Amino acid sequence: MQITMTVNGDSVTRDVEPRVLLVHFLRDVLGLTGTHWGCDTSNCGLCSVLMDGAPVKSCTVLAAMAAGHEIRTVEGLAVGGTLDPVQQGFMEEHGLQCGFCTPGMMLTARALLDKNPDPDEDTIREAISGQICRCTGYATIVRSIQWAAKHPAESSRPEGVPA
Amino acid sequence: MTAVTPLTMTERAANPAAAAEDRPIGFGRLQRKEDPRFIRGKGHYLDDVTLPGMLHGAMLRSPYAHARLISVDTSAALAHPGVHAVITGKDLEGLNLAWAPTLSADVMAILATDKVRFQGQEVAFVVADDRYAARDALELIDVEYDVLPPVVDARRALEPDAPVIRDDLEGRTDNHIFDWEAGDRAATDEVFARADVVVSQDMVYPRVHPAPMETCGAVADYDAVDGKLTLYETTQAPHAHRTLYALVAGIPEHKIRVVAPDIGGGFGNKVGIYPGYVCAVVGSIVTGRPVKWVEDRSENLMSTSFARDYLMHGEIAATRDGRILAVRTNVLADHGAFNATAQPTKYPAGFFHIFTGSYDLEAAHCTVTGVYTNKAPGGVAYACSFRVTEAVYLVERMVDVLAAELEMDPAELRLRNFIRPEQFPYANATGWEYDSGEYETAMRKALDMAGYDELRHEQAQARERGELMGIGIAFFTETVGAGPRKHMDIVGLGMGDGAELRVHPTGKAVVRLSVQTQGQGHETTFAQIVAEELGIPPEDIEVVHGDTDQTPFGLGTYGSRSTPVSGAAVSLVSRKVREKAKLIAGAMLEARPEDLEWEKGRWFVKGDPEQSKTVAEIAMAAHGTVALPEGVEGSLEAQITYDPPNLTFPFGAYICVVDIDPGTGVVKVRRFIAVDDCGTRINPMIIEGQIHGGLADGVGMALMEMIAFDEEGNCLGGSFMDYLIPTAMEVPDWETGHTVTPSPHHPIGAKGVGESATVGSPPAIVNAVVDALQPFGLRHVDMPCTPARVWAAMQGRPEPPV
């Protein structure tokens, strides 16, 4: 079947099997390998991307279900070569080690900050509670998101991607 | 001569290696060099490897824990559109690859030929155009099994009527693997016989799983013309893998290139060679095309290296006034269906004999018996792999059990029995030589940070209100950095590490490592070590690892060995380069080398600091036309293979505060204070990150994680819905501190740190849980302290988990 969606601001149209998962569509069809896969059961959150600005787990979204929607992946976080404050925060506060959960974490953080620019620690922890990190013990991830909240960019959204 | 004037001649200051505060040239907090690619989604992990013409593999696995294989019919699968090959155990038998040696001198099945011996065991491998087609074809393979009774409970494995799991081994009539002991049995028995107080306790360290976020996988690319195999793998030990493939598969070692791309976490899970890797290789040979195989999460949890599964009986002897005299323990070790633990050859229980802990004992003794069961093999993994975790859990629980018996404060009991600073190097009762330690300092620092006295006061008040507040202490000593070749090897391979350092003409450098990062930040840490030794800024140093064609031989990263072994190798190879630079600087300055003095980044003439040459100037001169002294070659590089003289012994004091909901049994970790001492600190930010991660591991093991089995041997922890890993909600903000007691035998005084917190935190948490449950008269509760299990304990039923 043919599907069309917007990915990081660009419209893409592809023929896919109806059963293809969004995570595989992004990785295998579009070559956007920054989105990772980790569990199949929506528990780990590695595959989180933003669909119309809200985090979804792309291992449990069919590519066909994303047709007509706006998808944002880690590759679309930096705007015009400028890092999103969340990306900068993760570097500043050592919010990553192996880097495998990082794209999903950062996108979820971006969605949180878009809704709530100044979240407290409990809110941050709850927001990322659908994501598993095996390396950091989470405290530095919380600090990374707090860093991003304290250093907002003028625009953290690529052109064409709605709030 | 003017031709060699380097571009870097414009010096910034008298000392070119003078660092800005936020940009250390050497040790200090430094943002990681690997982060820019990761935060852009530009990491290159195994599943990101795509080669032209690449096919995809999928593994058919046994649904039974124990069954005889009657037949495997692959015809329907082979006829499925897009399928290129279906490989079975019979096919591998023809290649002499159906069985392969394990890391513990046993053999394991690559694809089953006679029986399946655990649920999830590999039975057949499909190669197809894409991952969907490969998975579809798995459904079309028809396997007939004759189901056999399984051995699930390790305690029953040695019963005379237990089914014999390993009837593939000639003459095998039982499920016994090994008996091993350490320490002096007679001396220990003598101390126990005369002790005022002896307490004993059974405890289980349940089967857990490292569960790195990236599962295991491989991309095999066999070039039939060259006879060369390029194998991309999620491996922590690329060189060891290459040598083993050469020995087992008969492909010459120089024709094998193992590449470990970015690794999405390892924790020991990615040390061993898994059947999927071998099948990807065979698939590539059979089809003539590259083959990718990546396991799914259930496959990872059900079939790859687990950790622990130690059933321990501990005993501790002491005087009535709290002097600990001896510890002894008997362990039943469940090794699963194949003995595949990664342990040094002569230590089948790893470094478990560090169970003497941080205390000055008169005697100690342990026996460990390993048995086969119908469970997944492995036992390598989940920091700390070499059984240090089990050992520390045992002794730290026993000390608390003793404290309860003596009605003594557990902090006071520990302080009274620590090995004293002047006793180092300390020969313990089981044969280790602890390198250095300042235990009391670390303990008192943790007590101060926690506000221990106030916490105890608060607890007393809470108890009066019927609240269940617990304070748990653990003090650990690890033995990491395997290891000296005179003492240890793995499958005959010595455990030294190579390192190669080359300074380019313009003063930039490349250092090649034999160890393999899985998130530890090697590209940063090792650049900082070179920077510290040579004054070259870390950003000017390329760290190459993870490619056997590009790096020197070494045994890889696990057991916290990278800094103790490769860290030493890199500092020493840097010093070799520095010494060579001195000779060339002498020639440049027309001075005798013995008249030169080193300051980070340059050699200068003693008494005349203006007369100096920077490393960059020396590098250009080395490659230029300066007349070199006799015997000095025109380059600035060196290589080394480091054989550590001893292991390193990091230590730490951990304090955990928990609150238990009396109505539900839910344990909440309120605070966690961790004071660690890993000797010299290279990058405090990375160290702290490693500690944090290990503490979260500890919360997982102590409260949530367990790979359980039902009576038929069905794995009950086969997904993240069943195998629970802490999220940000289950862990507190960590309170960390440190002391610095350098290792006397390590070139920069550093000790390993990657597993310290995974080792030290479980006993601290369990001690806190037991402390909270003191009103119920409990002396021990086994992990995992899930709400249901804690609730049962509160009702007087503190059952072991297996």
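Predicted model: local features only at pLDDT ≥ 70, side-chain atom pairs only at ≥ 80, totals over all residues.
Local features need pLDDT of at least 70 and side-chain atom pairs count only at pLDDT 80 or more, while totals for chains, interfaces and linings use all residues; side-chain values use heavy atoms, with hydrogens and water left out. Residues are numbered from 1 along each chain as its sequence is written, and chains are lettered from A in the order in which they are written. Chain A and chain B bury about 4300 Å² between them, and the structure holds 29 aromatic pairs over all chains.

**Interface between chains A and B**

- The size of an interface is often given as the accessible area lost when the parts come together.
- Of the roughly 4300 Å² buried here, 55% is on carbon and sulfur atoms (buried area is the accessible area, with a 1.4 Å probe, that two parts lose on being put together, summed over both).
- In chain A, Met91(A), His94(A) and Arg134(A) lose the most area to chain B, together 19% of what that side buries.
- The contact takes in 48 residues of chain A and 55 residues of chain B (contact means heavy atoms within 4.5 Å).
- His692(B) belongs to helix α16 (residues 684–703) of chain B (helices are DSSP runs of H or I with at least four residues, strands are runs of E with at least two, and both are numbered from the N terminus).
- Leaving aside residues up to four places away in sequence, His692(B) touches Thr136(A), Gly137(A), Ala139(A), Thr140(A) and Arg143(A), as well as Trp734(B) and Thr736(B).
- His692(B) counts as buried because its relative accessibility is 0% (buried means under 20% relative accessible area, exposed over 50%, and partly exposed in between, with a 1.4 Å probe and protein chains only).

**Aromatic rings in chain B**

- Phe38(B) and Tyr45(B) are a stacked pair, 5.8 Å centre to centre with 20° between the planes (rings of Phe, Tyr and Trp, the last by its six-membered ring, pair if their centres lie within 6.5 Å; planes under 30 degrees apart count as stacked, over 60 as edge-to-face and the rest as tilted).
- Both partners are buried, Phe38(B) at 5% relative accessibility and Tyr45(B) at 1%.
- The pair of Tyr310(B) and Phe352(B) is edge-to-face, because the ring centres are 5.6 Å apart and the planes stand at 65°.
- This second pair links distant parts of the chain, 42 residues apart: Tyr310(B) is in strand β15 (residues 307–318), and Phe352(B) is in the loop between β16 (324–334) and β17 (363–371).
- Tyr310(B) and Phe352(B) are both buried.
- One aromatic cluster is formed by Tyr347(B), Phe351(B), Phe386(B), Tyr426(B), Trp432(B), Tyr434(B), Tyr558(B) and Phe649(B).
- Arg207(B) lies over the face of Phe306(B), 3.4 Å from the ring centre (a charge sits over a ring if NZ of Lys or CZ of Arg is within 6 Å of the ring centre and within 35 degrees of the ring normal).
- Arg308(B) has its charged end over the ring of Tyr205(B), at 5.1 Å from the centre.

**Strand β12 and its partners**

- In strand β12 (residues 228–233) of chain B, five of six residues are buried.
- Strand β11 (residues 217–223) of chain B runs antiparallel to β12(B), with six bridges joining them (two strands pair if DSSP finds at least two bridges between them).
- Leu231(B) in β12(B) is the bridge partner of Ala220(B).
- Four residues lie between β11(B) and β12(B) in this hairpin, and Gly227(B) in the turn has a positive phi of about 70°.
- On β13 (residues 256–259) of chain B, four bridges join the strand to β12(B) in parallel, and Ile256(B) is the bridge partner of Leu229(B).
- With helix α6 (residues 238–249) of chain B, β12(B) and β13(B) make a right-handed β-α-β unit (right-handed if, with the strands pointing away from the viewer, the path from the first strand over the helix to the second runs clockwise).

**Backbone details**

- The peptide bond from Ala482(B) to Gly483(B) is cis, with omega near -25°; Gly483(B) is in the loop between β20 (468–477) and β21 (489–490) of chain B.
- Met783(B) and Pro784(B) are also joined by a cis peptide bond, with omega about -10°.
- Asp309(B) is not a glycine but has a positive phi of about 70°; Asp309(B) is in strand β15 and is buried at 4% relative accessibility.
- Glu590(B), likewise not a glycine, has a positive phi of about 55° and is exposed, with a relative accessible area of 76%.
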